[in-house]
Structures are given as C-alpha cells and as structure tokens.
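Visitor: Can you walk me through this one? I'd like to talk about how the domains meet.
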Amino acid sequence: MSSILPLLALRAFTEVGRRGSVKAAAAAMGVSPGAVSQQIRILEDRIGFALFLRTAKGIKLTAKAGRVYETLLLSFDNIDKSIKSLKAMQFEHKVSINTTSSFAASWLIPRLRDFNKKYPNIEVNIEASNELVDLKRSSTDIAVRHGLGNYPGLISTRLIAPVLIPVGTPELLESGPPIKNVEDCLSYPLLQDSDRSDWHLWLKVHGINEETKARQGSSFEDDFLLARAALTGQGLALVPEFCVEEELHSGRLKIALEKKWPSRFAYYAVTLPETLFRPEIVNIIDWLVEQSALSDDCVEPCSLACN
C-alpha cells in the first residue's frame, strides 16, 4: 500500500459524511458529483471495504466508516482553521463583516464614518448577503445575524433589537379608511416579511387575533425590499424603524399608527472564539456595541454571550 495519504479522497469522504449527499459535498468542494464519487471509489479500493450505504433517506456511513469519521472531520476542520489563520496574517488590520443588505444600508454604513475616524488603520469590508455565512469555512470575520443569539460554538454579542412600526405612503393613507386603532390596519393590503409572521404577532400582541388576513399579501425576503414596496404604495409595511428613518423624515412614508412593538429578534455580532485574539476584531465589536447603545433601537442592554 502506498504511503502517500489520499487527502482528496479523505476530504471527499468527510464532506459526504458531513452533508449526507454526494451532490452537496461536491458543491462544498467546488467539484462535480462525479469527481466526488470517483474519490470515494479510490478510497474504498484502497482500504478494501464500503464506506457508505444508500438508504431511502439518503447516504449513511457504514459501521466501519463511522469509527474514523469524527476524527477525520475534526482533522479537516483544524486544517481549515489553520489555513484561515495563515490568510489572516496576510490581511492584518482588515476586517470582513457579513450582514443583510437592509442592515448594512440602513444602520451600519451610515455609522461607518465614525469608525474610520477612530481607527484609520483598520480596513473594513462589508459583504451584503441574505445567505447564512459559515464562519468556519469562509473568509468572513464577523457576521451580523438577526435572531435569538443562540449560535453553538460561536461568540455572539448583542447589538440592537429593532422596534417595528407600521408605515405607508401619505397617498395610500389619505385615500383609504382612517386608521384609529390596530384593527383598522386590516383594511389595507399588508406587506409581509418572509415568514408572514410579523403582522400576525403585532396584531395579536395588541389584542387582535386575526389569522387569515394578517398573513395575506406579498412577502419580501428582507426589510429593505419591504420598505421599497411600501414606498411604491403597495400597502402597509411593518418594518424596523431604522430602515425607514430617512423616508419618514422626508415625508415619503408616514407612521400609520403609533403602536411600536419590539421585534422578537435582535441583531448579534457573531465570531469564532479564536477570532477575538485579533485586536482589530475586538475594536470593531466594541465600536458596534457603542453605536448600539447610542441607537434608539437598542431596547435592552447589549451583551456578550458564548454559546
């Protein structure tokens, strides 16, 4: 048997075991499914037994393969961490932040000038995406995520908990029936978040238990798109106040009813534990917390949590 380790084949085995799918493993490795299958066959031929069983639910590890899978998984994850650390040395004093387009455009970028003044030697790269980034397998240093703060194996620092407000264009509100109480909002088209849950919960917390009408209407993936739809007069939107501050100030949008409601979720700055050894990461997280404390959207004290 050759003493040369079949690293590519071992990686293919690990990724298929991790994801339970040859296709998903191929996407993660940036190769074709056929190439992954070929590497699995090479490894099976070398060791002399099958590594996977095909079931109705997909691919599962054989008993023998299961004995070494966790060790190999940990080894490749450690290799990934080491490579990321080496890359970080090349980009010292550079920080990459991944967040949603709505948070980046409406909250983070308008405040970024203050950070640049305080830390002129730190370069910040903003990546706007609605996809959940994998910090262990990407070049992102900090992910600003919207959720409950429970991110196993990561350090999460609570930033802001947005206050949701119902808004619409002046023309829409003037042409429709007057909105004097919460239930009156149901007379208008309701623009929905992607889960179709915010309007339902907002109405429910104010004493209106309307299931069907509260979930009807066009839905949008993020708050930025939701606000844009409201600006075109398509209906009422329930959005974080910071997303529409400019539009409210200019009069392009109006608050339909003064019934603010704290969102169920907050924004968190999320990092790998080892990332916090870099001073520039600590500087920008401290700055984010500082800006959150100054923001009207921070309805509870900001905090640091390890999950």
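Guide: Domain bounds here come from an automatic or database domain assignment. This is a predicted model, where local features need pLDDT of at least 70, side-chain atom pairs count only at pLDDT 80 or more, and totals for chains, interfaces and linings use all residues. Residues are numbered from 1 along each chain as its sequence is written, and side-chain values use heavy atoms, with hydrogens and water left out.

Visitor: What are the domains, then?
Guide: Domain 1 is 5-87, domain 2 is 92-160 + 264-295, and domain 3 is 161-260.

Visitor: What separates the centres of domain 1 and domain 2?
Guide: 32 Å, taken over C-alpha atoms.

Visitor: And how many residues are in contact?
Guide: Eight from domain 1 and eight from domain 2. Contact means heavy atoms within 4.5 Å.

Visitor: How much area do domain 1 and domain 2 bury?
Guide: About 510 Å² between them, with 34% of it on carbon and sulfur atoms. That is accessible area (1.4 Å probe) lost on putting the two parts together, summed over both.

Visitor: Which residues of domain 1 lose the most?
Guide: Asp80, Lys81 and Lys84, together 72% of what that side buries.

Visitor: Switching to charges. How many salt bridges?
Guide: Three between domain 1 and domain 2. The criterion is a side-chain nitrogen of Lys or Arg within 4 Å of a carboxyl oxygen of Asp or Glu. The side chains of Asp80 and Arg137 form a salt bridge at 3.2 Å, N to O.

Visitor: Which helices supply the domain 1 side?
Guide: Helix 1 (7-19) and helix 4 (63-90) each give at least two residues to the side touching domain 2. Helices are DSSP runs (H or I, at least four residues), numbered from the N terminus.
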